[in-house]
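Keep the viewer open as you read.

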Amino acid sequence: MKANLNLGSISGIKIIIHWTFFLLIIWIALQEINQGGSTEAVLFNVTLILSVFVCVVLHELGHALMAKHYGVQTKKITLLPIGGMASLDKIPEVPKQEFLITIAGPLVNVVIALVLYFLIPVSYFTEQNITELLYSLKKFSLQSFLFYLFIVNVGLVLFNLIPAFPMDGGRILRSLLAMKINRVKATQIAVSIGQFIAVIFLLIGLLYNPFLVFIALFIFIGAYGENQMVHHLAILKGHKVEDAMLTQITKFNPNDSIQDVIMTLITGTENDFVVIENEEVKGIVYHDEIIKNSQDKSLLIKDIMNSSFKLIDINTDLKKVYELTHSEKNNFFAVVDNNKLVGAIDLNNLNEYILLQAKLEY
Ligand code: ZN
């Protein structure tokens, strides 16, 4: 689904609103209308939700800018109905860095809450009479708006600090543990605690709040994926591209016909191909491009190849390639030794290598 809204970039980071987010806005508006709420009430609540999500974006920017400080780029920040998500190129393995990048998010909400605290009339905090307080909160005034926003930011801090890996609190827990014990163990502990909390979220969610069900699923899937990644990276440590690369690959010339590559695709198991001319890598033909252009038999390889590609040196750490396969759109790379093509590496054979190494480990 490509109905996501791109809001533009801040400091090179794309801000994207996921299409499901608009369902949330419609849902809130409809609920308010259903309850016989005035136009004023609908506007108040929708504006409040939008402001909350501005706070969420600022929270994510806190992570992203701290990550940038440590040389880690953030591709995009996505707004989902259940919250924001900053897509970092990688998670730093140095515990202190992960700790600071993670804590930077909730700290942004602490600062917002502090600012709001001084903007809100003291009476909101000192009012002893609950009926009186509820009455003033019912009025759609700027003060009550700021008060709600204050509560939400305090809530965001508390909620994010729940140690349910990969939520912020869980990451903080993992990074603190990783200062004392090895990272694989630290992650396993954080993941177990996270999945336990996810089960509780799921139960509460099924009874009271569907959003918690989504959050529980997010924690479950996220925790599983990252646990696996940390384990894989540990397996690959110390191994070089040379150990795992494909050496028997079919190469093409820029002037070969698309039909040649289609034939190779059908008759063999390779999916992506390196294009060379005079021993020099000129481009990569990716599987998707071959399929997309397969109807036009007059095309040449040079018409469909991608010439902005990353070359991998044979002595590169496999860990680095693993990270690349997860951060780059395409995960097939030509491997060179002194600028001469010697093979290729892709996610499939990397995964195969991981399986073989894991077998040796146990
Ligand atoms: Zn966060």
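Is N153 buried or exposed? At 0% relative accessibility, N153 counts as buried, where buried means under 20% relative accessible area, exposed over 50%, and partly exposed in between (1.4 Å probe, protein chains only). N153 sits in helix α6, residues 142-160. Helices (H or I, at least four residues) and strands (E, at least two) are DSSP runs, numbered from the N terminus. Leaving out residues up to four places away in sequence, N153 touches C55, N109, I112, A113 and L116. Contact here means heavy atoms within 4.5 Å.

A word on provenance. This is a predicted model, in which local features need pLDDT of at least 70 and side-chain atom pairs count only at pLDDT 80 or more, while totals for chains, interfaces and linings use all residues. Residues are numbered from 1 along each chain as its sequence is written, and side-chain values use heavy atoms, with hydrogens and water left out.

Now step back to the whole chain. Its secondary structure comes to 15 helices and 10 strands. The C-alpha atoms fill a box of roughly 85 × 50 × 40 Å, taken along the principal axes. Of the 362 residues, 43% are buried. Take the contacts between residues at least 6 apart in sequence: 61% of them join residues at least 24 apart.

I82 gives a case of sequence separation. I82 lies in the loop between β3 (74-80) and β4 (83-88). At 30% relative accessibility, I82 counts as partly exposed. Its contacts, not counting residues up to four places away in sequence, are F211, F214, I215 and F218. I82 and F218 are 136 residues apart along the chain, yet their C-alpha atoms are separated by 9.4 Å.

Next, the surface. The chain exposes about 20,000 Å², and carbon and sulfur atoms supply 61% of that area. Accessible areas come from the Shrake-Rupley method with a 1.4 Å probe; for residues, only the protein chains shown count as cover.

Which residues gather in a patch of negative charge on the surface? They are E242, D243, D313 and D337. Like charges are joined within 9 Å. E242 belongs to helix α10, residues 241-244. At 48% relative accessibility, E242 counts as partly exposed.

Finally, the charges overall. The chain has 27 positive and 31 negative charges, and their mean positions are 5 Å apart. Lys and Arg count as positive and Asp and Glu as negative; His and the chain ends are not counted. Each charge is placed at NZ of Lys, CZ of Arg, CG of Asp or CD of Glu.

Terms used:
Patches are made of residues with over 30% relative accessible area and no salt bridge: like charges are joined within 9 Å, nonpolar side chains (Val, Leu, Ile, Met, Phe, Trp, Tyr) within 5 Å. A salt bridge is a side-chain nitrogen of Lys or Arg within 4 Å of a carboxyl oxygen of Asp or Glu.
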